[in-house]
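Dear colleague,

I am passing on the structure that follows, together with some notes on what I found in it. Please read the notes with the structure open beside them.

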Amino acid sequence: MEDSLFSIAVNGIFVQNFLLVQFLGLCSFVGVSKETKSAAGMSAAVLFVMIMASIASFLIYTYLLLPMGLTFLTTISFIIVIAFLVQLVEFIIRKYSPPLYRSLGIFLPLITTNCAILGVVILNARLDYGFIQSVFYGITAGLGYTMVMLLMAAIREKSNALKVPEAVEGLPHAFFITTLLSMAFVSYFQVIPT
Amino acid sequence: MNPVAIIGGSALVIGGIGFLVGIILIWASQKFAVETNPLVEEVIEVLPGANCGACGYAGCADFGEKVVDGLAPVDGCPVGGFDTAKLVGELLGQEVKEAESIYPFVRCNGGLHCTDNIDYVGIEDCRAVMMTSIGEKGCKYGCMGRGTCVRACPFGAIEIGEDHFPHINKNLCKSCGLCVEVCPNGVMVMANDSEQVHVLCRSHDKGKAVKAVCEFGCIGCKICVKNCPAEAITVTNFLAEIDQEKCTNCGQCVEKCPQKSIVMRSVEATA
């Protein structure tokens with residue numbers, strides 16, 4: 001499939017937004033979007049891991065798994081790569097930004113099991129993207145993630161002053177916001193033919 | 001492709017990736033190692049863990065680190081109070097003296113006895129009320145009773161009573177001061193437990209203007225100044241202020257105040 005970089009970008013950021021259209025990686029989305037600051041940190045970490053994972057998994061898939069006919073190992077080898085990258089990011093963040101490390105908390109190791117990242121690399125493999133396309137898709141998917149995270153965090157920060165009924169306080173409230181945001185993305189961006 | 005080659009290839013590929021990745025991680029864990037003092041963990045263990053930030057640091061973990069480094073005072077946690085300070089002191093080999101507990105109180109006595117400027121309908125939050133051009137209450141210094149402090153309190157120690165005032169439950173209050181910080185009008189104030197006599201008014205308006213809007217506001221009549229045996233009260237800009245260092249809690253001013261805006265806190269707390 002020959003996709004131009006532009007259509008990959010529009011796809012990754014809006015039309016096939018990983019959070020609001022494909023519903024991948026919702027755990028960290030709801031968990032870390034309470035403050036803009038930690039949401040930005042989380043997004044940066046996810047963006048970094050997505051790009052690195054796209055590069056590493058492309059190399060493994062094209063030069064190792066395809067020639068050897070071992071494509072059934074795609075998922076497991078990608079998971080190893082992602083787990084490795086997350087561990088590396090965790091080391092680096094703990095060393096250079098302890099406050100960010102603490103505010104991300106459990107969600108940092110959970111990037112390992114963040115399906116958005118595995119989603120990116122598996123889609124890359126499935127769509128037979130070339131190297132540049134793969135990396136570009138990783139970047140745009142990460143940017144889409146970042147955008148929605150910041151949107152959500154801003155909305156949740158503003159709505160702190162609202163007095164909502166006790167039954168929907170907290171998580172249910174976040175789900176309502178997610179639903180409304182998601183409706184906008186699904187119905188608006190999917191009218192554009194790709 | 002025969003099965004042996006497939007199994008062998010798979011083992012080689014996955015094993016190879018795993019081995020490589022493992023080696024890099026071992027290298028990285030040494031390169032980016034963070035030294036942690038085991039004492040820090042122990043100190044964090046005895047802290048309340050509310051992460052309220054009342055100590056001035058970013059949460060309990062940060063405070064624990066700073067205490068061990070000697071950058072923060074041992075009794076710096078207002079939430080844990082004396083008990084926590086003692087535990088932290090034991091861990092660090094320092095002695096801790098018991099400090100007096102402090103509680104917040106509302107420096108306003110208006111409430112239902114203060115007239116309303118407008119019929120406010122909107123977000124139930126003092127900060128939102130403050131954004132209206134003239135304010136809800138006739139007195140711009142007073143407590144609006146919309147419960148911003150109630151929602152800011154992490155310990156559920158404040159509730160709005162029928163008199164539209166925040167009431168502080170001393171048993172639940174941990175003296176963290178978040179309510180003082182969040183109050184948009186600065187009506188909430190911290191005071192030592194032994195400081196009992198307080199002027200429950202912040203209005204610097206002239207006596208006539210205060211009387212027009214509030215039954216219990218300070219009009220600056222100076223009767224309290226004349227009656228105070230300890231000379232602890234001064235009136236500046238139509239508002240009485242009590243010097244807590246000189247005050248002996250005799251209660252003369254409470255009796256003599258024509259507006260009943262000076263109050264004994266112990267009485268007020270039980271009322």
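Predicted model: local features only at pLDDT ≥ 70, side-chain atom pairs only at ≥ 80, totals over all residues.

Two residues are taken to be in contact if their C-beta atoms, placed from the backbone, lie within 7 Å. Residues are numbered from 1 along each chain as its sequence is written, and chains are lettered from A in the order in which they are written.

In chain A, the mean pLDDT is 85, and 96% of the residues score at least 70; confidence is lowest in α5(A), at a mean of 75, and highest in α7(A), at 91. Helices (H or I, at least four residues) and strands (E, at least two) are DSSP runs, numbered from the N terminus.

Helix α1 (residues 5-15) of chain A has A:Ile8, A:Asn11, A:Gly12 and A:Ile13 buried, that is, with 20 or more other C-beta atoms within 10 Å of their own. The buried residues of α1(A) pack against α7 (131-158) of chain A.

Chain B holds eleven helices and eight strands, and 32% of its 271 residues count as buried.

The contact between the chains takes 21 residues from chain A and 21 residues from chain B. On the side of chain A that touches chain B, α3 (36-68), α4 (74-96) and α5 (98-104) of chain A each supply at least two residues, and α4(A) gives the most, with ten residues.

Best regards

Definitions and conventions:
Buried ≥ 20, exposed ≤ 12 C-beta atoms within 10 Å, placed from the backbone. pLDDT = per-residue confidence, 0-100.
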